[in-house]
Amino acid sequence: MSAALDELCERVLRENWVEGDRDGTAYSYTSPSPGRYPWQWYWDSCFAAIVWRRFDRGRARAELESLLSSADADGFIGHTVFWHRPVSLARLPYYNVRSRRALRTETIQPPLLAWAWSIAVGDPAAEPAIVAHCDWLERNRALSGDGLLWIVQPDESGLDASPKFDSIWGWRAHTRPGFPLLVHHNRRLGFDARRILAAGGPLVCEVVVNVLWCLSRLAMGRPSLTPALIDRLWDDERGLFLDEILPGGERSRVATWSALAPLALPDLPDEIADRLIAHLLDEHRFWTPLPPPSVAIDEPTYDPTGGRGLLRRYWRGPTWINAAWLLWLGLRRRGQDGQAAELTNRLEAAITREGVREYYDPRTGRGLGAKNFAWSTLILEMTDPGTSASGSYL
């Protein structure tokens with residue numbers, strides 16, 4: 001690990017740190033990027049806490065405890081928390097809140113809190129608030145009887161404008177003109193998955209959401225959902241995991257990095273992991289000069305820069321560090337140490353040269369999006385994977 005990279009990542013985390021008090025509740029968290037993303041986002045905070053444990057375990061714990069402080073009594077945690085100021089009027093039509101005065105959104109993000117806690121703090125099963133959160137997810141989003149979760153909007157996946165959602169939500173997909181109407185529709189239904197399905201849906205059993213849910217369940221000591229994930233979402237003909245849509249049971253067909261995300265699971269069968277790795281290491285699909293692109297380069301929807309200005313559509317091709325880390329875990333677990341090291345070296349070189357950016361051009365490594373983006377400090381998990389509060393998570 002480069003000392004310069006270590007110092008750069010620590011500086012970004014410290015400069016993005018926010019502390020305050022809201023109505024008697026103290027909060028502290030890492031802003032994803034202060035200029036563009038000032039609030040607390042659920043999965044951003046989980047990733048930040050994982051890296052914070054390297055520098056300040058107290059802050060790692062405080063980060064996740066702030067998420068828990070925003071929870072409802074029944075365990076629900078929203079995907080964005082507006083601790084120190086409300087959502088702006090300009091953004092209000094696009095945010096899943098009941099009103100501008102709301103503390104947080106009424107929708108979820110990929111639920112990795114229990115897994116992040118196990119890495120950065122300790123045993124999540126010993127924390128009643130985390131137990132309640134996992135129980136809420138099971139009651140309200142595990143609708144198919146197999147324990148897998150369903151989402152009501154593309155942004156609940158954290159992958160927002162991924163092209164795999166285009167055929168599902170059409171003109172109401174994220175960043176499309178009709179997205180505020182989708183938010184309005186789901187707001188009228190209380191963002192309740194069962195009511196939305198009864199009104200015609202769609203709901204999506206999305207791969208990344210369920211990979212991180214599987215990891216959280218394993219961290220809680222609950223039975224693995226990997227067999228259910230394979231049974232529902234594995235496409236044996238294509239050798240990819242593909243989202244399922246309700247009603248109708250159709251599959252999303254666009255090959256994105258999420259189709260490979262189950263590589264992060266420690267109990268994924270070897271034969272499936274090997275097929276995913278073959279896709280990842282294919283230079284005509286995912287093994288670009290700075291891998292992995294968020295969309296396979298042979299897809300018509302692949303856009304390596306994600307667009308510009310009002311047309312910026314995230315997750316349509318740029319390389320994201322959190323995605324790279326999750327796939328890196330699979331390379332390490334399958335003994336592909338040389339390829340894991342190559343992935344690390346390419347990413348480290350780009351971050352050292354371009355800074356800690358939101359995402360990167362997979363062809364050139366040019367930094368794109370927000371600057372000083374907190375979760376891109378996950379590069380340290382690849383350059384120095386041995387640091388953990390409770391032993392190795394590899």
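Trainee: By class, how many residues in the lining of the largest cavity are charged?
Mentor: Asp, Glu, Lys and Arg count as charged, Ala, Val, Leu, Ile, Met, Phe, Trp, Tyr, Cys and Pro as nonpolar, and the others, Gly among them, as polar. K164 and D243 line this cavity. Next to four nonpolar and three polar residues, the charged ones number two.

Trainee: What kind of model is this?
Mentor: Residues are numbered from 1 along each chain as its sequence is written, and side-chain values use heavy atoms, leaving out hydrogens and water. Local features need pLDDT of at least 70, side-chain atom pairs count only at pLDDT 80 or more, and totals for chains, interfaces and linings use all residues; the model is predicted.

Trainee: How many cavities of 30 Å³ or more does a search of the whole structure find?
Mentor: A cavity is a set of points, on a 1 Å grid over the protein atoms alone, where a 1.4 Å probe fits but cannot get out; lining residues have an atom within 4 Å of a point. The lining of the largest cavity includes F241, L242 and V254. The search of the whole structure finds one.

Trainee: What volume has the largest cavity?
Mentor: S252, T256, S258 and A259 are also among its lining residues. Its volume (the space filled by probe spheres set on the grid points) is about 40 Å³.

Trainee: What is the bridge partner of I245 in β9?
Mentor: β8 covers residues 244–246 and pairs with β9 over two bridges, in the antiparallel sense. The partner of I245 in β9 is E250.

Trainee: Which residue in the hairpin of β1 and β2 takes a positive phi?
Mentor: β1 (residues 17–22) and β2 (residues 25–30) run antiparallel, joined by six bridges. R22 stands opposite T25, and D21 stands opposite A26. Two residues lie between the strands, and the one with phi near 50° is D23.

Trainee: How far apart are the axes of α4 and α9?
Mentor: α9 covers residues 207–219 and packs against α4 at an angle of about 50°. That angle makes α4 oblique to α9. Their axes are apart by 7 Å.

Trainee: Which residue does a cis peptide bond join to G201?
Mentor: Omega of this bond is about 5°.

Trainee: What is omega of the cis peptide bond that joins P291 and P292?
Mentor: P292 lies in the loop between α11 (270–280) and α12 (321–333). Omega of its cis bond to P291 is about -5°.

Technical notes: Two strands pair if DSSP finds at least two bridges between them. Helices (H or I, at least four residues) and strands (E, at least two) are DSSP runs, numbered from the N terminus. On a 1 Å grid over the protein atoms alone, a cavity is a set of points where a 1.4 Å probe fits but cannot get out, and a pocket is an open set with protein on both sides within 12 Å along at least five of seven lines; lining residues have an atom within 4 Å of a point. Axes are lines fitted to C-alpha atoms, for helices over the stretch in contact, and angles run from 0 to 180 degrees between N-to-C directions. Angles under 35 degrees count as roughly parallel, over 145 as roughly antiparallel, 65 to 115 as roughly perpendicular and the rest as oblique.
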